[in-house]
Amino acid sequence: MIRQGTTHTIQVTVNGQVYNRVVEARQLLVHFLRDTLDLTGTHIGCDTGSCGACSVIFNGQLVKSCMLLAPQADGAEIETVEGLARSGELDPLQQSFSAHHGLQCGYCTPGMLMTATYLLRQNPTPTEEEIRQGIKGNICRCTGYVNIVRSISAVAEAHRATAVGTTEGRDQQ
Amino acid sequence: MLLKSVEYVRPDTVPEALDLLRSNVGAAPLAGGQSLTNVLKHRVASVDLLVDISALAELRSITRTAEGVIEIGSCVTYDEIDHSREVRAGHDIVARVAAHIEDQQIRNRGTIGGNCCLSDPTNNLPPLLVALGATMNVRSAGGSRQVAAEDFFKGYFLTALEPGELLTSVTIPPLLSGVGAGYVSVSVAADSKAIVRAAARVEVKGVIGEARVVLARVASVPVRHRGMEDALRGAPPTAESVRAAAATIGNELEPIADSHGSSQYRREMARVVAQRAVLEAIAEGGGK
């Protein structure tokens, strides 16, 4: 039970790091990430759950962080865009967004990256239609969807090539 | 965005949640929060205490009996319904509808209970549950009761729930041999808000037996169209007779007009989606 109150002490793990903070019950999770933890990679686009710019992975589930309250995150593990790159090196998806010009103004990019990360975990080799379906909750106001889909497709294609390679390897044995 | 000050509590059990709902007049249950959070942002309802029921195990299970009756806990998410083997086994249409609610983020949080209790006329599940003859299982600190889905939706953002009551699960009867279901919408865009929608459950035994045809977005709540149901009963399961039955949908409906369609447009599209939903139900039922 989390006791009844307007403020709560919560423990949250973000990108592997544990944070203990006192939060107001009315604070949106996105504000907790940006203002309290200073993790400003997660963006606020619409503030009404429509645009997906604030998408993060919450206990393994893709969510819009403007649609949760900070105390709901007590005990949760959260992944944000800051957690994608390792030792200063962009992850394959980020590299693909860079290579295929998957961003124009860049505002929707953190949300797109987290959504694509989740999508590729669920289904490492999505078709173009599955990618379009998967990013339905993320709006790019530059309307740069063609290159965003291309960026994600390229990673799926690489997964497909690896999977085929593995299968062939097995067949030869 | 800054919300009005609010209290939050996360009980460990359903009885604890029910006590909290009974003893706090301004309390509201918080399930997936995919609508309630926006309600709080816009300050359109006054909530003093959020009782977070989203993780209560008792509200999170799906069970299927040997007879094929399925019970879905109110805090089961759309994504979980989509991926549930129990739901897919005998109620594929429920999983298919859940799989096309808005987007992945919302499907990961939004719940069947929230979808019903909000009673937003654009919501996907209410017309389907009315067509399938579902039962809403309701509990309060004082006891429990069952409400037919048909009687649960009372108006715009209004249900049969009394203060202190909580929807704990939804029971859906089996779709037996010869019985099929259909669901067709005209939407603003793919997987988005419906302009008009129909859900149907049709029994076919040589001719059409019992038929339930439910229209949504033509009134504040999902409505059964008795005229079309009567016209279907005893008719051959053909496109011709379904078209004739759909012609009974007429001026008794006075749908709202908005930027997505006039009242007349909705009425005409209601005929189209009702026809298609019934044909889908016949095709599905005939395949069993």
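Modeller: Two residues are in contact if their C-beta atoms, placed from the backbone, lie within 7 Å. This is a predicted model, in which local features need pLDDT of at least 70 and side-chain atom pairs count only at pLDDT 80 or more, while totals for chains, interfaces and linings use all residues. Residues are numbered from 1 along each chain as its sequence is written, and chains are lettered from A and ligands numbered from 1 in the order in which they are written.

Colleague: Which residues of helix α1 of chain B are called buried?

Modeller: A residue is buried if 20 or more other C-beta atoms lie within 10 Å of its own, exposed if 12 or fewer, and partly exposed in between. In α1(B), residues 14-23, the buried ones are A17(B), L18(B), L20(B) and L21(B). They lie on the same side of α1(B), because their arc around the axis (taken from the directions to the C-beta atoms) is only 160 degrees. P15(B) and S23(B), on the other side, are exposed.

Colleague: Against which strands do the buried residues of α1(B) pack?

Modeller: Their partners are β1 (7-10), β2 (27-30), β3 (49-52), β6 (135-140) and β10 (166-172) of chain B. Strands are DSSP runs of E, at least two residues, and helices are runs of H or I, at least four.

Colleague: What makes β1 of chain A and β1(B) a pair?

Modeller: Two strands pair if DSSP finds at least two bridges between them. β1(A), residues 2-5, and β1(B) have two bridges, in the antiparallel sense, and therefore pair. Y8(B) is the bridge partner of G5(A).
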